[in-house]
Amino acid sequence: MVDSINRLEPNLVVITGDLTENGFSAEYDGVKGFIDRIECKNKILVPGNHDSKNAGYVHFEDLFTDRYFSRNFEDVTVVGADSSQPDLDEGHLGRENYGWIKEAFSGENFKVFAMHHHLVPIPLAGRENTVLVDAGDVLELLNRCKVNLVLCGHCHIPWVWNLNNMLVVNAGTFCSSKTRGKTTQCYNLIQADKENSNGNWKVRVSRVFSKGDRELVTETVM
Ligand SMILES: [Fe+2]
């Protein structure tokens, strides 16, 4: 996986959580060894529900980053938020976070929001308890902020929805064997190119599989 990502020479790598099974210190140390080998100076991580078990969020903050943040990379703004709750599986963002998220997205950049839990339901998720408990309000907030791209993890199901010209892209799993149904191990490759003529962005979402083959899933202009 590391070699595959490094060959792409990405500008940005986003890891949407569940780095660990139980949030223990030794697990975090192990996964950090892999993440450090990803040769990209802009790595964005948000914790998942498994990472917050056993107070694992403490190790997450020590080894990686704040759990809530906003970063600007030239003409791209990335906001990350911890949607986990210690020792609970369901996701929650919370009204107390809506204000700073809106502020962070106030510019005209290409806007990316990263969190672990699902923003909208996706197929193969079974009994749907994987979306944020405040999903409706967060969906409206991100849409109002004209967010271009929402990146989620959690159920290891690769999927893309295009909602009001906002791409909601769920990640599969590449390293674990926890694939659902007939999905196979993969990660998402997102290519966003600004069109000089009109300032629009051409966005392509592909899946990269373990043997290196690639499948284009969506291509859109926004
Ligand atoms: Fe999860």
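Strand pairing in a predicted model

User: In this predicted model, over how many bridges do β7 and strand β8 pair?

Analyst: β8 comprises residues 166-170, and its pairing with β7 runs in the antiparallel sense. The number of bridges between β7 and β8 is 5.

User: Which are the edge strands of the open sheet of 6 strands?

Analyst: The strand order of this sheet is β3-β4-β5-β6-β8-β7, with mixed pairing. An edge strand here pairs on one side only. Neighbouring strands of the sheet are turned against each other by 15 degrees on average, direction ignored. The edge strands are β3 (68-73) and β7 (159-163).

User: Why is one side of β9 and of β11 left without a neighbour in the sheet?

Analyst: These strands belong to an open sheet of 3 strands with the order β9-β10-β11 and antiparallel pairing. β9 (186-194) and β11 (214-221) stand at its edges, so one side of each has no neighbour in the sheet. The reason is that each has a single partner strand.

User: What part of the chain over residues 5-158 is helix, and what part is strand?

Analyst: An unreviewed UniProt entry annotates residues 5-158 as "domain: Calcineurin-like phosphoesterase". The end C-alpha atoms of this stretch are 17 Å apart. Its content is 26% helix and 18% strand.

Key
Residues numbered from 1 in each chain as written. Predicted model: local features only at pLDDT ≥ 70, side-chain atom pairs only at ≥ 80, totals over all residues. Pairing = 2+ DSSP bridges. Helix = DSSP H or I, 4+ residues; strand = E, 2+ residues; numbered from the N terminus. UniProt positions renumbered as here; feature names shortened; annotations may be inferred. Axes fitted to C-alpha atoms, helices over the stretch in contact; angles between N-to-C directions.
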